[in-house]
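Hi everyone, thanks for making the time. I'd like to walk you through one structure today, so please have the sequence and the 3D view open as I talk.

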Amino acid sequence: MGSGVWVYIDHFRSNPLAASWEAMSVAKLVASKLETSVTSLVFGNQIGQLVEETSKYVSDTIIVCDDHTMEDFRVEAYGALAAQLYQEYEPQIILLPATSRGRDLSAFLSMKLGVGVVTDCIDVDVEGEYTKVMRPVYAGKLNAKISLDGLHPQIISLRPRAFPEAEECNGAPKIIEVEAVLSESDIMVKVLDYSDSRGDVSLTDANIIVSGGRGVGGPEGFNPVRELADVLDASVGASRAAVDSGWISYDHQVGQTGRTVSPDLYIACGISGAIQHQAGMRTSKIIVAINKDIDAPIMKLAHYGIVADLFEFLPIFIAELKSYLK
Amino acid sequence: MHNLVCIKHTPDSAAKMLVENGQVSWGDAPMVVNPWDEYAIEEALSVRDKLGGRVTALTMGPESSKEALKTAIAMGCDHGILISDESMSSYDARITSIVISKAIAKLDNVQLVFFGKQAIDGDTGLVPMSVAYTLGWSGFSYVAELAEIDIDNESIGVIRLLEEGRQSCSGKLPAVISVVKEINEPRYPSFVGIRKASKAEIQVLTLDDLELGDQISSKHNGSLNWSELQEIPRKSTDAEIVEGSDLNSIASELVEKLIEDKVI
Ligand SMILES: Cc1cc2nc3c(=O)[nH]c(=O)nc-3n(C[C@H](O)[C@H](O)[C@H](O)COP(=O)(O)OP(=O)(O)OC[C@H]3O[C@@H](n4cnc5c(N)ncnc54)[C@H](O)[C@@H]3O)c2cc1C
Ligand SMILES: Nc1ncnc2c1ncn2[C@@H]1O[C@H](COP(=O)(O)O)[C@@H](O)[C@H]1O
């Protein structure tokens with residue numbers, strides 16, 4: 001069995017996700033327990049800057065593949081390389097952020113390397129060769145403790161915002177440059193272009209989310225919600241009722257059939273808090289509910305409840321925040 | 001064109017989950033087709049409606065999962081296949097993917113395999129891309145739009161919904177896709193469909209039929225061990241209702257609390 005902890009640095013067009021530095025903090029913790037080293041994997045195209053940024057965090061080794069076939073994440077290309085590197089170095093543990101890319105990569109490695117993987121973990125406990133992790137199941141209604149004992153390697157993806165970000169340190173990592181395994185003609189999937197790339201923070205990464213539900217009453221009802229989000233530098237979320245009514249696009253939906261989020265602060269405006277909505281936001285650190293109905297289920301989950309008409313309360317709250325944040 | 005849709009029978013999303021003796025139970029809450037898979041069924045059906053051909057629904061699970069296949073048939077699928085075997089109980093995503101892939105490879109001329117983004121019991125979202133890998137087919141996860149299917153040129157174009165925006169990409173047929181909710185609005189089972197489903201013969205495959213008996217029962221080599229399930233400690237109290245003489249004082253009270261909690 002090999003040793004060493006690997007962490008996959010997830011990025012979108014060379015912009016690293018905060019979840020990568022969270023995975024890094026777990027990697028460091030685990031590596032120090034196992035008295036072994038941390039290696040980061042950074043794949044992309046023209047990623048000098050990204051490698052530099054990664055150097056700030058990891059003190060041991062960075063394996064870099066800077067190649068035009070790596071421009072966009074494609075699981076065939078990234079997976080083939082990661083699997084080949086695994087054969088060469090045989091790390092004991094591979095950590096990835098549980099983003100869309102991290103999930104696909106973990107699926108690929110699971111099949112290619114013939115081991116089960118665990119996704120979306122919120123706790124990792126390592127003791128010698130024994131690794132136990134915790135992950136939410138049944139839409140976050142239960143937690144499952146899962147053991148990876150006896151698996152080589154142990155592949156674990158980590159839920160974004162479940163762990164603190166690593167702190168920067170002044171290491172001088174060794175950089176190993178490697179070549180891509182597949183050439184462009186070997187890769188079946190071609191990426192054509194992007195649209196709608198969000199300028200704002202993606203929901204999964206956001207520190208603060210302000211969401212609107214059926215209670216906002218219509219597309220214009222999201223105006224005060226957006227204004228509050230602007231003041232707080234927050235992302236805008238929505239309930240399925242608001243999305244299904246066509247008031248806001250689906251990529252804002254929070255919940256079981258939308259995104260799972262875990263911000264420091266979640267402000268639900270005119271959302272009743274159905275179990276399927278809760279499934280996507282229940283792990284938020286502080287939840288504020290603004291609702292006319294004191295008996296709405298969200299009031300059970302929330303830390304603070306404001307019983308008021310959101311159209312009356314939000315402008316006052318926004319003004320109050322502005323004078324505080326000034 | 002032969003399209004396949006993989007579905008899973010899961011407890012209803014509103015079911016209360018309890019743990020009894022380390023096992024999960026959901027009382028008498030109903031089992032349903034995994035909600036994400038309804039979008040996969042709809043997409044498979046609308047491709048058939050446009051391009052012709054047939055749609056097979058496939059599930060792996062206990063005998064009772066036939067109900068999920070009947071729902072799929074009631075919605076309009078042509079045929080249902082259940083993979084069921086005495087020896088299988090709690091397979092992880094990898095073993096599930098190996099079994100499903102083997103079944104797909106045995107079927108006739110499958111061009112597109114549809115999955116939901118994830119199953120709401122385990123919530124892993126691993127199976128679709130694992131099946132794509134095993135079959136060696138193009139795989140597209142998180143698909144929000146099937147932009148193009150060109151059977152003559154054996155190509156497919158899709159739009160994927162990522163955290164950061166929409167990505168349009170293309171690949172070859174046959175292909176595997178997993179869909180998100182945005183892709184369509186699932187139809188309801190029709191009256192005719194329900195009648196058809198009640199009479200439908202569900203084909204049952206065992207691991208031996210798939211020539212996987214030995215490979216799988218050489219027992220969970222490399223599999224995960226779900227040692228324990230735990231209930232999540234509930235917040236015992238209701239929300240603290242922020243009160244004040246008027247909305248202004250409530251707002252400033254709330255701001256103070258959020259500052260104290262260090263979240264703003
Ligand atoms: C399989 C399945 C999956 C689902 N997935 C999701 C999901 O991913 N995300 C999701 O959100 N839902 C999901 N749902 C839907 C969910 O069950 C609820 O229907 C939905 O969350 C309700 O949205 P809402 O709270 O905005 O609307 P309602 O339940 O109608 O609540 C509106 C609330 O606004 C309050 N209100 C009204 N006017 C005002 C006002 N002026 N000021 C203040 N408060 C006001 C009301 O008191 C009420 O509490 C799913 C359902 C199913 C069956
Ligand atoms: N046992 C199964 N039988 C058929 N399809 C399945 C099974 N398990 C998972 N799937 C499919 O794979 C998707 C992702 O599931 P999962 O990877 O388990 O979250 C689901 O939406 C289903 O479409």
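Let's begin with helix 2 of chain B, residues 66–75, whose buried residues pack against strand 2 (9–11), strand 5 (31–33), helix 1 (35–51), strand 6 (54–60), strand 7 (79–83) and helix 5 (191–199) of chain B. Before I go further, please keep in mind that this is a predicted model.

Which residues of helix 2 of chain B are the buried ones? They are B:Ala68, B:Leu69, B:Ala72, B:Ile73, B:Ala74 and B:Met75. If you follow the chain just past the end of this helix, you come to B:Gly76, which takes a positive phi of about 135°.

B:Thr10 sits in strand 2 of chain B. Is B:Thr10 buried or exposed? Its relative accessibility is 0%, so B:Thr10 counts as buried. As for its surroundings, leaving aside residues up to four places away in sequence, B:Thr10 touches B:Pro30, B:Met31, B:Val32, B:Val33, B:Asn34, B:Pro35, B:Ile120 and B:Asp121.

Let me step back to chain B as a whole. Chain B has seven helices and 15 strands, and its C-alpha trace spans about 70 × 45 × 40 Å along the principal axes. Of its 264 residues, 56% count as buried. If you take the contacts in chain B with a separation of 6 or more, 68% of them come from residues 24 or more positions apart.

Now on to helix 4 of chain B, residues 127–135. Why do we call this helix largely enclosed by the rest of the structure? Because seven of its nine residues are buried. Those are B:Val127, B:Pro128, B:Met129, B:Ser130, B:Val131, B:Ala132 and B:Leu135. What do they pack against? On the chain B side, the partners are helix 3 (93–106), strand 8 (110–116), strand 9 (138–150) and strand 12 (175–179), and together with these there is helix 4 of chain A. Just after helix 4 of chain B comes B:Gly136, with a positive phi of about 75°.

Two packed helices are described by the angle between their axes and the distance between the axes. In chain A, the axes of helix 3 (residues 75–89) and helix 4 (residues 100–113) come within 9 Å and cross at roughly 50°. That angle makes helix 3 of chain A oblique to helix 4 of chain A. The crossing of these two helices of chain A is right-handed.

Who meets whom there? Helix 3 of chain A brings A:Val75, A:Glu76, A:Tyr78, A:Gly79, A:Ala80, A:Ala82, A:Ala83, A:Tyr86 and A:Gln87, and these meet A:Asp104, A:Leu105, A:Phe108, A:Leu109, A:Lys112 and A:Leu113 of helix 4 of chain A. Sorted by class, this contact has ten nonpolar, two polar and three charged residues.

My last topic is charge pairs. Side chains of opposite charge can pair when their charged atoms come close. How many salt bridges are there over all chains? A search of the whole structure finds 23, and I'll show you a few.

In chain A, the side chains of A:Lys33 and A:Asp125 meet in a salt bridge, at 3.8 Å from N to O. This pair links distant parts of the chain, since A:Lys33 is in helix 1 (residues 18–34) of chain A and A:Asp125 is in strand 8 (residues 123–127) of chain A, 92 residues apart. A:Lys33 also forms a salt bridge with A:Glu127, with the closest N and O atoms 3.7 Å apart. Here A:Glu127 in strand 8 and A:Lys33 in helix 1 of chain A are 94 residues apart. A:Lys33 is partly exposed at 47% relative accessible area, A:Asp125 is partly exposed at 38%, and A:Glu127 counts as exposed at 51%.

Another bridge joins A:Asp120 and A:Arg159, at 3.1 Å from N to O. A:Asp120 lies in strand 7 (residues 117–121) of chain A and A:Arg159 in the loop between strand 11 (154–158) and strand 12 (174–177) of chain A, so the pair ties together parts that are 39 residues apart in sequence. A:Asp120 is buried, with a relative accessible area of 8%, and A:Arg159 counts as buried at 13%.

Finally, back in chain B, a network of salt bridges links B:Glu42, B:Arg48, B:Asp49, B:Asp78 and B:Arg187.

Technical notes: Residues are numbered from 1 along each chain as its sequence is written. Chains are lettered from A and ligands numbered from 1 in the order in which they are written. This is a predicted model: local features need pLDDT of at least 70, side-chain atom pairs count only at pLDDT 80 or more; totals for chains, interfaces and linings use all residues. Side-chain values use heavy atoms; hydrogens and water are left out. Axes are lines fitted to C-alpha atoms, for helices over the stretch in contact, and angles run from 0 to 180 degrees between N-to-C directions. Helices (H or I, at least four residues) and strands (E, at least two) are DSSP runs, numbered from the N terminus. Angles under 35 degrees count as roughly parallel, over 145 as roughly antiparallel, 65 to 115 as roughly perpendicular and the rest as oblique. A crossing is left-handed if the near helix is turned anticlockwise from the far one by less than a right angle, and right-handed if clockwise. Contact means heavy atoms within 4.5 Å. Ala, Val, Leu, Ile, Met, Phe, Trp, Tyr, Cys and Pro count as nonpolar, Asp, Glu, Lys and Arg as charged, and the others, Gly among them, as polar. Buried means under 20% relative accessible area, exposed over 50%, partly exposed in between (1.4 Å probe, protein chains only). A salt bridge is a side-chain nitrogen of Lys or Arg within 4 Å of a carboxyl oxygen of Asp or Glu.
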